[in-house]
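Morning, everyone. I'll take you through one model today, from its contacts to its cores. Have a look at it first.

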Amino acid sequence: MSHPRVIALFPEASFGAALNCVGIAQQLRHMGAIPVFLCHPGFTGMFAEYGFKEYHLPAPSQVQAQKNEDYWQAFINTHLPHFNLDAEEQLPTYVAPTWEAIVDTAIDAEAGVESLLDQIRPDAILLDNVIMFPAIVRSGYPWIRIVSCAETEIPDPNVPPYLSGLAPEDDAAVTRFEQTYLNATESAHRRYNAFRKSRGLRPLAPGNFLENSDRLNLLLAPSAVRYSRARPLPRERFVFLEGCVREESRFDPPQLPADDGPLIYMSFGSLGAIDTDLIGKMIDTFATLPARFMVNVGGFLEAYQHVPDNVYLGSWFPQPSVVEQSALFIHHGGNNSFCEALFHGVPSLVIPYCWDGHDNAQRAQATGTGRRLDRTTWSPDTLREAILALLNDTPMAARLQRISREMQAEPGARRAAEAVMAAIDVSH
Amino acid sequence: MADSRRNSRQNHIALAQQVIGVVLERGMNPGDHLPEQVFSEACGVSRTPIRAAFKILEEKEILAWKEEEGYFLEIGQADGLTEAAHRLEDMEDSLAQRILSDRADRRIGDIQSISALVRRYNVTRNSVLNALKILSRDGVVTQLPGRSWAFQPMFDTPKAVDESLAFRLTIEPQAILAPGFVMDIKKAGLLKMRMQELLDTQEGHITSTGFLRLDTEFHSFIAECSGNRFARGALLAHHRLRRATQKDISIPDFRLRQSLDEHLEILDSLERHQFELAADQMVLHLRRSRIRRPEAANRGIPPLMRGARQ
């Protein structure tokens, strides 16, 4: 009798990737495997609450922890205005420094990852990140890539550039964006390739920080919003997932003093929650609408006073359960959020501020599964009009119900787990 | 006398809500019978108050009474049972609850005048005064010199919950270790039964509110048994405040069940008079409950555990 497979999941230190991996790990557990997590400092205990063993990368010293807090303050001061720029303008201002920081993260984590993999000795590693940690390749254990960002992360002539928010047919802008992206990431990429070389890995092409796995790649790209690729990805190595929704505890909407109308959920992710001014102004508009609003304000609850009677603020929601009960989901275009909305047949009002949020905003609009609203030019009237239009769009509701039925017939988390188990069992 | 009638009615309304919680947790359907004995055990009270709670639910057309057969469920979850439970709060004497809830939800500030509350709730000055008296009895508000009232700290932010757990880590194990700890075995048995029933529900069916209710009852019970009167008083007041104002708890199903298992283990140790073991298990339980998610995280950025300064 073979031993249960130990699968080491290594999500990047963001909620989207972490919770996406929780969904896959829950299904792997149902199939008899033992999923464990490589855990960034700060995420300690988060996976344990879902019943998974954690292996921790070294925690920062107290001095470093203080520096991290200072870093965040500097980050807010520096980058909050950059979120008001368009996708191309963000390349030198936000995307380039973020890639530099991602490269730093990979370099800093390398020794810790190597040591933890020696300790775990997994049957396979699931990497949900945007960059390769050389220790994973060097370990010799089979590794699988999860692309939990938008599908644009894997380039193709028919797919608009990653982070561009462009439509594929916008040829001139696509060409200009691609060149600007390469220029903006050139410094970080050169540094990363030097690091890879020092660890015995081959260099990657410009703009590319993570190779595809030779064994299996999982893409969180439901068929309803997927592009038709000029060079289709080989089916034996690339599996598209119809969402990747985790099992979560049930959410009972609280009673509000003004408790009428459809339920609308808004979350911009933990990073988006730092823009309390924007969210505060949106809440003022929500007060004028005949609906109930659940608003995720992350760690900034104390920044809000005089909350309207039809609005409820929380620092954390069991999102899949809330979205399931909602008539509309206002979000930042994070791929997990977008896919959860599609999975439950809920229209998206996407207000992107960075990264692949731009791509999903464009895609929601193009596929008739939602609308895009610009975070800098919206007014109370345009926000109100967008919300009411989405709530009353009967053809969109019918389309989303069909999409939801199709996605729920083949849940992505289970499909991912099946593909992982099959890939491990194939002798390679 | 009027006060006492009102309080009794309030207790029955609270119990009626508890009954609906049990109905939801057990996934009961319209037409199902609600045996008094079963619900009296599930709610940890005698049959008399259960009858009063059933009567309120009958008035609200949530239950139906059949001669010589008892009470039956009229509406299920699909028919708006959860909403019906919420509407119970709109009944008489719920002004205190509305004020408390509005404060916990940051709709009103922490200092309030009587006249501002009269305007907001469109009720008489006497009603507001009565509501504030009810809240002050639980230590939720205190009267300031003049005509204003001040709300005490509440469980309305993750930081407040964290501070509460730090406080409880100091006091709750000591409440167990203090000489004179005496446990009511019958009450402990009822609590254990209800926890086991919650554990027996289908995965994902335990709600945060249902869990919080039982959790505060368990921890209040431990406090009641303590031999140290000051630990007892401080913890009972603290758990009353938790129950009244803690919101926004969203805990994965695995941790809810693990937490209930920890409660059961603590009660088992206490039954065996293994107080040191029970105190250690309480430390473990509270430490596990104290895990906090990072307050902000994104690629390329170290996760932030504390609120960033704005």
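Let me start with a term: a salt bridge here is a side-chain nitrogen of Lys or Arg within 4 Å of a carboxyl oxygen of Asp or Glu. Now the ground rules. This is a predicted model, so local features need pLDDT of at least 70 and side-chain atom pairs count only at pLDDT 80 or more, while totals for chains, interfaces and linings use all residues. Residues are numbered from 1 along each chain as its sequence is written, chains are lettered from A and ligands numbered from 1 in the order in which they are written, and side-chain values use heavy atoms, with hydrogens and water left out.

First, the chain interface. How many salt bridges does the rule find across the interface of chain A and chain B? One. Asp309(A) pairs with Arg120(B), and their closest N and O atoms are 2.6 Å apart. Salt bridges with shared partners link Asp309(A), Asp102(B), Asp105(B), Arg107(B) and Arg120(B) into one network.

Now the rest of that interface. In contact, meaning heavy atoms within 4.5 Å, are 63 residues from chain A and 52 residues from chain B. The two chains bury about 5,100 Å² between them, with 50% of it on carbon and sulfur atoms. Buried area is the accessible area (1.4 Å probe) that two parts lose on being put together, summed over both. On chain A's side, Glu49(A), Trp72(A) and Arg250(A) supply 16% of the area buried against chain B, more than any other three residues. Nine residue pairs are in polar contact between the chains, both residues at pLDDT 80 or more. A polar contact is a pair of N or O atoms within 3.5 Å; within protein, one must be able to donate a hydrogen and the other to accept it, and residues adjacent in sequence count only if both atoms are side-chain atoms.

Which elements of chain A give two or more residues to the side touching chain B? They are α2, α3, α6 (269-272) and β10 (311-314). Helices (H or I, at least four residues) and strands (E, at least two) are DSSP runs, numbered from the N terminus. α2(A) gives the most, with nine residues.

Next, inside chain A. Chain A is divided into domain 1 (6-244 + 411-425) and domain 2 (263-409); the bounds come from an automatic or database domain assignment. Their C-alpha centres lie 24 Å apart. Domain 1 puts 40 residues into the contact, and domain 2 puts in 28 residues. About 2,900 Å² is buried between the domains of chain A, and carbon and sulfur atoms give 65% of that. In domain 1, Phe83(A), Leu163(A) and Val225(A) lose the most area to domain 2, together 18% of what that side buries. Across this domain interface the rule finds zero salt bridges. α3(A) provides the largest share of domain 1's side, seven residues.

Now the cores. A nonpolar core is a set of buried Ala, Val, Leu, Ile, Met, Phe, Trp, Tyr and Cys residues joined through side-chain atoms within 4.5 Å. Buried means under 20% relative accessible area, exposed over 50%, partly exposed in between (1.4 Å probe, protein chains only). The largest core has 99 residues, and Phe286(A) and Ile330(A) have the most contacts inside it. Helix α3 (residues 87-120) of chain A gives the most, 14 residues. Where does this core lie? Both domains of chain A give residues to it, so it lies between them. Beyond four places in sequence, the contacts of Phe286(A) include Met266(A), Val295(A), Ile330(A) and Leu383(A).

Last, two salt bridges in chain B. Glu197(B) meets Arg26(B), with closest N and O atoms 2.4 Å apart. Glu197(B) sits in helix α9 (residues 185-199) and Arg26(B) in the loop between α1 (2-25) and β1 (33-34), so the pair ties together parts 171 residues apart in sequence. Glu197(B) is partly exposed, at 29% relative accessibility. Arg26(B) is partly exposed too, at 33%. Then there is Asp253(B) with Arg257(B), at 2.6 Å between the closest N and O atoms. Are these two residues buried or exposed? Asp253(B) and Arg257(B) are both buried. They are four residues apart in helix α12 (residues 253-271) of chain B, about one helical turn.
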